[in-house]
Amino acid sequence: SKEIISFLVRLILTIAIEIGLAFIFGFRKKSHILTILFVNLIIQVFLNGILNIVTYFEGQIMAMGFYMIGEMTVFIAESIFYAYYFKTQRLKAVIYGIVANLTSFGFGFGLYYLEQIIF
């Protein structure tokens, strides 16, 4: 149950941060918000699933390495996807992807650190 609660908190935090930043960047259309929501749901489920498997079989140190590689992959993949999807605002979409992922990564990493202290 700890893992499920932890995942849900990270998921909600990531989505809130990235949608909040989308509004700041001017991506306010329903289609924009739904795209960002959908992309983040898929990526978070995938990334967290892999991290849980790696942690279980290889331990936390190895999982942290995979986390860093996974986040770099997410930065690149989301930025490319947003540049493709938001065709008329490619540069702004790439900058948004980088800023949103750096921000959610920072909060997520801090939350992970706090979880280790609390639990």
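The model is a predicted one, so local features need pLDDT of at least 70 and side-chain atom pairs count only at pLDDT 80 or more, while totals for chains, interfaces and linings use all residues. Residues are numbered from 1 along each chain as its sequence is written, and side-chain values use heavy atoms, with hydrogens and water left out.

Ile50 belongs to helix 2 and is partly exposed, at a relative accessible area of 31%. Buried means under 20% relative accessible area, exposed over 50%, and partly exposed in between (1.4 Å probe, protein chains only).

Turning to the inside, the largest nonpolar core has 24 residues, and Ala22, Phe27, Ile36, Tyr82, Phe86 and Tyr96 are the ones that touch the most other members. Helix 1, helix 2, helix 3 and helix 4 are the elements that give two or more residues to this core, with helix 1 supplying the largest share, seven residues. Such a core is a set of buried Ala, Val, Leu, Ile, Met, Phe, Trp, Tyr and Cys residues joined through side-chain atoms within 4.5 Å.

Rings of Phe, Tyr and Trp (its six-membered ring) pair if their centres lie within 6.5 Å; planes under 30 degrees apart count as stacked, over 60 as edge-to-face and the rest as tilted. By this rule there are 10 aromatic pairs. Phe27 and Phe86 make a stacked one, at 4.4 Å centre to centre with 25 degrees between the planes. Phe27 sits in the loop between helix 1 (2-24) and helix 2, and Phe86 in the loop between helix 3 and helix 4 (90-118), so this pair ties together parts 59 residues apart in sequence. Phe27 is buried at 0% relative accessibility, and Phe86 is buried too, at 4%. Phe86 also pairs with Tyr82, this time tilted, at 5.7 Å centre to centre and 35 degrees between the planes. One aromatic cluster takes in Phe25, Phe27, Phe81, Tyr82, Tyr85, Phe86 and Tyr96.

Lys92 lies over the face of Phe27, at 5.3 Å from the ring centre, and Lys87 over the face of Tyr84, at 4.8 Å. A charge sits over a ring if NZ of Lys or CZ of Arg is within 6 Å of the ring centre and within 35 degrees of the ring normal.

The loop between helix 1 and helix 2 also holds Phe25, which is buried at 18% relative accessible area, and Gly26, which is partly exposed at 33%. C-alpha to C-alpha, Gly26 and Leu111 are 27 Å apart in space and 85 residues apart in sequence.

Technical notes
Helix = DSSP H or I, 4+ residues; strand = E, 2+ residues; numbered from the N terminus.
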